[in-house]
Amino acid sequence: MSASKEKYTEAQYLEATEYEPKTGTGKIANYVDTRVGGTSIVREFGRKVFPDHWTFMFGEVALYSFIITVVSGAFLTFWFDPSMSTTRYSGSYAPLQGLEMSMAYATSLELSFDVRGGLFMRQLHHWGALMFVLAMSVHMIRVFFTGAFRKPRELNWVVGATLLVLGLAAGFTGYSLPDEVLSGNGLRIIDGMLKAIPVVGTYISFFLFGGEFPGNEVIPRLYALHIFVIPALILILIAVHLFLVVMHKHTQYPGPGRTQRNVVGYPVGPVYAAKAGGFFFIVLGVLSLLAGTFQINALWNYGPYDPSPVQAGTQPDWYIGWFDGVLRIMPGFIGNIPLEFVLPTPWGGNSIATPVLVPMIPITLLLLGVFVWPWLENWITGDKREHHLLDRPRNAPTRTAFGVAMVVWYLVMWGAASSDLMATHFALSLNDVIYWLRAAFFLGPIIAYLLTKRICLALQRKDREIALHGHEAGVIEVSADGEFHEQHKLPNEHELWTLVSYEAPAPSGPRPNAKGKITAVEKVRARLNRIWFEDRVEPVSREEYLEVLGHHGESPAGLEAAQSREAITSGASSDNR
Amino acid sequence: MKALSQKRRHPFAFVALLLLGLLLTGGLYAAATTVNQAQASNTPDGFSSEQVDEGERLFVANCASCHGMNAEGSDAGPSLVGVGAASVEFQVGTGRMPMQMSGPQAQQKPPQFNEEQTSQLAAYVASLGAGPGIPDDEWLDIDQGDPARGGELFRINCAMCHNAAGAGGALTEGKYAPSLHGVDAVHIYTAMTTGPQNMPVFNDSNIPPEDKRDIIAFLKTYEQQGSPGGFSLGFLGPVSEGLLIWTLGLALLIGSMVWLTSRSS
């Protein structure tokens, strides 16, 4: 739409105003359209082209799970009473009858046993929440490993990362609401983490809980956060996220005809709109299947909250697992030396709870790392260009290796939250599980980095090999003079494009600044840049390709095909420039 | 009689009386023990001497290599003097004893002895010294128990090792608290009174028999109710839920994503 000129001619305006629909549906549609102006929306958005790949749909899953969670959550609010005032349970669950409990727990039980469809909705809400965070995580992993966060999408990456953190917050506040022993234990850990903050920790904890833990304020407060503040923030950020996606246009995988300037795919209307609408119902179906067949958070097991017992198998939901796990693998003592100590202060000393504070370091580093990564990578590589074509993970070996290392680091912390179940279910000693996890915490990421980088480089070499010599056809030929030789099938144009259209620049070395000096920071950058780019497999160049084709002594028809391939390879390399 | 009444202040009267008293009690005790021995040699309540004798034979053949010929214990196994019939009922009745192999703790397996042999062994072990006995049927009758109270007691005393749903949990060095699903009432009771493996003893002053019955009633009620929300995923809580969403949940969705994008229009 150009703003400078008149959008439509006089005749077009007249045609639009004088248009008389003939059918009943047409009349209704025209009535609405002349008042709402849907045509321009449909015209603009309905023609928006999106590329097609299954890995692009995780964000959609996150959105749909969020909607399902909001709707099922609204149902739950009709019965749930977020009050910590006590009552005597008289509902239909026999093993808890007559026990004193909070209204929050009693109404959660009522929802589970006395409200028609209540248990299903509770389970749908919970499975939906697990799926919401899962889909966001997988979506983020996809974006990271394909380099979709690069310019111009850095800010949208930050919006996404914020959404993930908000998802964790939404999940945790919800997990804490039913006020049974399990959620109380979770809150107790949060309370412990808050209190571990030197000097001000106790004040923060008292502020949150309205006095000493558990108090009788925290559930209503978490409820306000859970049903109002956090979902509102999530909704706003989803809107921003989607707006930016539409504005930037979607990224696409490299392929024939796909460039930095176009999007190859299908328009939203009508096919994608229908598909996306249908996919919502698939997600709803999968979550309903889970909610209807698999029990989740059987809160009647845990009993009304009591600060004294901690039950075996007390774990947070999966996305908070890494907080729990990293606390589990942190030792409280080294030998006989306690890691907790008292810092002498004029007012009598403050306890420094190192065993709780130190585990917060990897968590903070990982979360902070997610937020700053686009700029960090950009700074190291010195790449200031826009990127709308995605990287195949193997074609960015250092990023992929580093990403896998961080995923492994996360997985070790996450897995540590189930250390007790690993011990019982694999007949291991709990102590050994913890020792191995401690080793894996430090060694796992390093091993993962080295292995992944080698695997990426090996895959790149394999791609080179296929581009130049083709696939092994599995057919052995014997020539007239008795020479054996295997037939190779050259890749077709589509495959060749994918195999050769990437770039692997050499390390760039330190660059002097405006005054012509190389600063210390620049030296660090150059060093990181060398680590980043020093191991590389160059993509097949046009000359190499033609030489190999000549060497194979292709027939005239083959040469013709080679020329068209040549066009593709040169096209691909120019796209990256 | 007069002579007797006159001599009652005699200096030796006290001694004579003491002698008489001692003789009488001693004689009575001797008579009583002889009578008792006539029934069985040191037979514990509820068992017969034949059971003790038969139990001793079974013991020598199956248990003595570790626990010693007179159950006095050895490097390989503890002394069984004073562990009571309840210990035998639990350890042998659940198949933990005789132990298949040494390890962090005795594993449950199909019992090696039938009920008759188990009570014979119990009789022998009980005859070695006083210890917790087999509970009366009254304390195992779950209809008389209060499951709600039992649930509360269970969560306070048991759930930290056995899990809130009785699914079991890990202990240190390869030891673990087993699942309580499908365990006989008598074995739950005797486990509490004897504290097998790493379990603490919950004696009658700690948890009275009525409370033990409540706990059993809770566990049995819980077992009968099943899992109201669908498949229980092992009653393990968030870990198995997380595993399911990352496996089945993700697989179903990826499957539908691949299907949706396999035909572009």
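I began with Pro152(A), which sits in the loop between helix 6 and helix 7 (154–175) of chain A. For helices I used DSSP runs of H or I with at least four residues, for strands runs of E with at least two, numbered from the N terminus. Lys151(A) and Pro152(A) are joined by a cis peptide bond, with omega at about 10°.

I noted the ground rules next. The model is predicted, so local features need pLDDT of at least 70 and side-chain atom pairs count only at pLDDT 80 or more, while totals for chains, interfaces and linings use all residues. Residues are numbered from 1 along each chain as its sequence is written, and chains are lettered from A and ligands numbered from 1 in the order in which they are written.

I looked up another cis bond, and found that the peptide from Phe213(A) to Pro214(A) is cis, with omega near -5°. Pro214(A) is in the loop between helix 9 (201–209) and helix 10 (218–248) of chain A.

Are Val199(A) and Asn297(A) buried or exposed? Val199(A) counts as exposed because it has 11 C-beta neighbours inside 10 Å. Asn297(A) is buried, with 26 other C-beta atoms within 10 Å. The cut-offs are 20 or more other C-beta atoms within 10 Å for buried, 12 or fewer for exposed and partly exposed in between, with C-beta atoms placed from the backbone.

**Entry: chain A overall**

I recorded 21 helices and ten strands for chain A. The C-alpha trace spans about 90 × 80 × 65 Å along its principal axes. Chain A has 577 residues, of which 38% count as buried. I took two residues as in contact if their C-beta atoms, placed from the backbone, lie within 7 Å. Of the contacts in chain A with a separation of 6 or more, 72% are between residues 24 or more positions apart.

**Entry: helix 4 against helix 11 in chain A**

I found helix 4 (residues 58–77) and helix 11 (residues 268–293) of chain A packed at an angle of about 60°, with axes 9 Å apart. That angle makes helix 4 of chain A oblique to helix 11 of chain A. Axes are lines fitted to C-alpha atoms, for helices over the stretch in contact, and angles run from 0 to 180 degrees between N-to-C directions. Under 35 degrees is roughly parallel, over 145 roughly antiparallel, 65 to 115 roughly perpendicular and the rest oblique.

Which residues of helix 4 of chain A meet helix 11 of chain A? They are Glu60(A), Val61(A), Tyr64(A), Ser65(A) and Ile68(A), and their counterparts include Phe279(A), Phe280(A) and Leu287(A).

**Entry: the hairpin**

I looked at strand 9 (residues 471–478) and strand 10 of chain A, which pair in the antiparallel sense over five bridges. Strands count as paired if DSSP finds at least two bridges between them. Val478(A) has Phe484(A) as its bridge partner, and Glu472(A) has His488(A). The two strands form a hairpin with five residues between them, and Gly482(A) in the turn has a positive phi of about 90°.

**Entry: chain A against chain B**

I counted 53 residues from chain B and 55 from chain A in the contact. Helix 11 of chain B gives the most to the side of chain B that touches chain A, with 16 residues. That side divides into 30 nonpolar, 19 polar and four charged residues.

I followed Val239(B), which lies in helix 11 of chain B. Val239(B) counts as buried because it has 23 C-beta neighbours inside 10 Å. Leaving out residues up to four places away in sequence, Val239(B) touches Gln315(A), Ser418(A) and Leu421(A).

Note on methods. Nonpolar A, V, L, I, M, F, W, Y, C, P; charged D, E, K, R; others polar.
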